[in-house]
Amino acid sequence: MSIRIYSFFLLIALLVGWEVICRLLGISALVIPTPTAVLEALWSTLESGYLWPHIWITTAEMVLGLALGCGIGFVCGIILGETEFLRRLLYPYIIASQVVPKLALGPLFIVWFGFGMTSTVVITALICFFPLLENTLTGIHHIDPQKRELFRMLRASRMQTLFRLKIPSGLPVIMAGVRVAVVLALVGAVVGEFIGGREGLGAAIIAAQGMMDSTLMFALFIVITFLGMIFYQAAIWSERWLLRRHIKGKTQ
Amino acid sequence: MSFLTVNEASYCYQGNEAVVDRVQWSIAQGEFHCLVGRSGCGKTTLLKIAAGLLQPTSGSIFIDDTQVVEPSDQVGFVFQAPTLLEWLPVTDNVLLPISLKRRVTAKDYTRAAELLELVGLGSFTKRHPQELSGGQQSRVAIARALIREPAFLMLDEPFAALDAITRAELQDDLLRLCEHQKTTVLFVTHDIAEAAYLGDFVTVMSQGELQQAIPIDLAKPRAPEIRYDSTFNALCLKIRKTMDGTA
Ligand SMILES: Nc1ncnc2c1ncn2[C@@H]1O[C@H](COP(=O)(O)OP(=O)(O)OP(=O)(O)O)[C@@H](O)[C@H]1O
Ligand SMILES: [Mg+2]
């Protein structure tokens, strides 16, 4: 516990150091604003209500993108994991598509879906799709051969083996994929807004850049970081909840 | 009449030499057969063939005059490793064979509790497998094999991870249960004394081949004292000599 207190003091020390150096060297706020100025900007934009719509839009895009991407990735992972033929057929393409920089497709999506939320949600979903597909495939494929044999001995049907053995046993790997997807979803949503958003935190950064308002940009970084932390925490909590039975009795 | 018939069965793992070599074996209803042999001689492989988990490379298996081509509902199987599902509590692990077939009823829960009591785990029903010791896990696996009251029980060194006292208790419990339900048993072990104590017949396996079955004519039900009896020791010696190939 005490190490946490030290971590907290380290943060304070860094902030104070930053403030002092900025003031002593007289660095322009355009290059690096002081922490107090950033906090002030953050407070005033929150109070004036300027930030809230942007926060909601980005949150909504993340939630929709995550749900779509993870859901489709999970289902595709199950289908590929269960059909040897499809897996062999498609695996080279899946590997190849990992390398494609999904964000580079952003401009194309704008052509297809127009500016605004839809194209950002599609980019986010696409980015979340792959870690889920990959981890679901791995998770349901690497099952202890002894447990497979047990289910064969008990004459379990294919569906029973899937739902009562493969998915529960692969769940830790699948949830690790969800955690990766959450981090990527934030990047996807913000960068998607850079490219094609009119609203949202990414679009707000671009707007602040247009006004050469570095202080506001820093304030927006803080908001984005905070949003990411909330999502990551939520992912960890849901993981703990879903894996509560798996964790039982396992020494950390 | 023979309940299990193994007819000239051989098995090779991916083109290697035969691990089970033209085995001929028949087991009658209600008999308790023990299979002993050195580590790696093919006991587990033969057991899995008999259970229908492996298809013999040549030869055939019959249970109750029907050819075995896949695992049968009549057979309860205890694997060499406990193989419990770590996300289910002990009771649900024991009830797995039933819950895969139909809805679990209150009666099944009572039965599971009884079986767990029998294997000495009455107070561990709500624990998860990883909260149990290795020996406790194997006892859960035994309870799981017994829950459907199979006509044929196949056990692969089920007591290997237990201390001598618990093992002796469970041996007696197993004998009692099988006597009561008229279960036919195929019991693999590498412990000669265990084989002689449990079995009506002890068959020695060496390098994939079966030797002549040795009938054990000791009084049934077994009294624990016979372990220290001279006839018992003579039988053990006979089995040992067969294993060494000097009988
Ligand atoms: N999956 C496998 N692939 C290839 N060879 C195998 C495989 N499983 C077992 N074998 C080989 O088959 C032989 C017999 O194995 P088996 O597991 O039947 O032995 P066992 O008599 O049960 O031994 P133990 O008493 O140690 O359990 C061994 O020599 C082993 O190396
Ligand atoms: Mg074995």
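Across the interface of chain A and chain B, the rule finds ten residue pairs in polar contact, both residues at pLDDT 80 or more. A polar contact here is a pair of N or O atoms within 3.5 Å; within protein, one must be able to donate a hydrogen and the other to accept it, and residues adjacent in sequence count only if both atoms are side-chain atoms.

This is a predicted model, in which local features need pLDDT of at least 70 and side-chain atom pairs count only at pLDDT 80 or more, while totals for chains, interfaces and linings use all residues. Residues are numbered from 1 along each chain as its sequence is written, chains are lettered from A and ligands numbered from 1 in the order written, and side-chain values use heavy atoms, with hydrogens and water left out.

Back to the interface. On chain A, helices α7 (145–153), α8 (158–196) and α11 (244–247) each supply at least two residues of the side that touches chain B. By class, the side of chain A that touches chain B has seven nonpolar, five polar and eight charged residues. Nonpolar covers Ala, Val, Leu, Ile, Met, Phe, Trp, Tyr, Cys and Pro; charged covers Asp, Glu, Lys and Arg; the others, Gly among them, are polar.

In total, 20 residues from chain A and 27 residues from chain B take part in the contact, with contact meaning heavy atoms within 4.5 Å. The two chains bury about 2,400 Å² between them, and 60% of that is on carbon and sulfur atoms. A:Met153, A:Leu154 and A:Arg155 account for 29% of the area that chain A buries against chain B, more than any other three residues. Buried area is the accessible area (1.4 Å probe) that two parts lose on being put together, summed over both.

The rule also finds four salt bridges across the interface of chain A and chain B. For a salt bridge, a side-chain nitrogen of Lys or Arg must be within 4 Å of a carboxyl oxygen of Asp or Glu. The side chains of A:Glu149 and B:Lys48 meet in a salt bridge, at 3.0 Å from N to O.

Which parts cover helix α2 of chain B? Helix α2(B), residues 90–99, has eight of its ten residues buried. Among them are B:Val94, B:Leu95 and B:Leu96. Buried means under 20% relative accessible area, exposed over 50%, and partly exposed in between (1.4 Å probe, protein chains only). The cover over the buried residues of α2(B) includes α7 and α8 of chain A, together with α3 (106–118) and α4 (134–146) of chain B.

Next, the inside of chain B. The domain assignment, automatic or from a database, gives domain 1 (2–74 + 151–244) and domain 2 (83–149). Their centres, taken over C-alpha atoms, are 24 Å apart. Twelve residues of domain 1 of chain B are in contact with twelve residues of domain 2 of chain B. These two domains bury about 1,000 Å² between them, 67% of it on carbon and sulfur atoms.

How many residue pairs in polar contact are there between domain 1 of chain B and domain 2 of chain B? The count is zero, with both residues required to be at pLDDT 80 or more. The rule does find two salt bridges across the interface of the two domains. On the side of domain 1 of chain B that touches domain 2 of chain B, helix α5 (residues 164–181) of chain B gives the most, with five residues. That side has eight nonpolar, two polar and two charged residues.

B:Arg148 and B:Asp73 meet through their side chains in a salt bridge, 3.5 Å from N to O.

B:Arg111 pairs with B:Glu149, the closest N and O atoms being 3.2 Å apart. B:Arg111 is in helix α3 of chain B and B:Glu149 is in the loop between α4 and β7 (152–156) of chain B, so this pair ties together parts that are 38 residues apart in sequence. In chain A, A:Arg88 forms a salt bridge with A:Glu84, at 3.2 Å between the closest N and O atoms. A:Arg88 is exposed because its relative accessibility is 64%.

B:Arg176 forms a salt bridge with B:Asp173, with the closest N and O atoms 2.2 Å apart. Salt bridges that share partners join A:Arg155, B:Glu70, B:Asp73, B:Lys101 and B:Arg148 into one network.

Conventions
Helix = DSSP H or I, 4+ residues; strand = E, 2+ residues; numbered from the N terminus.
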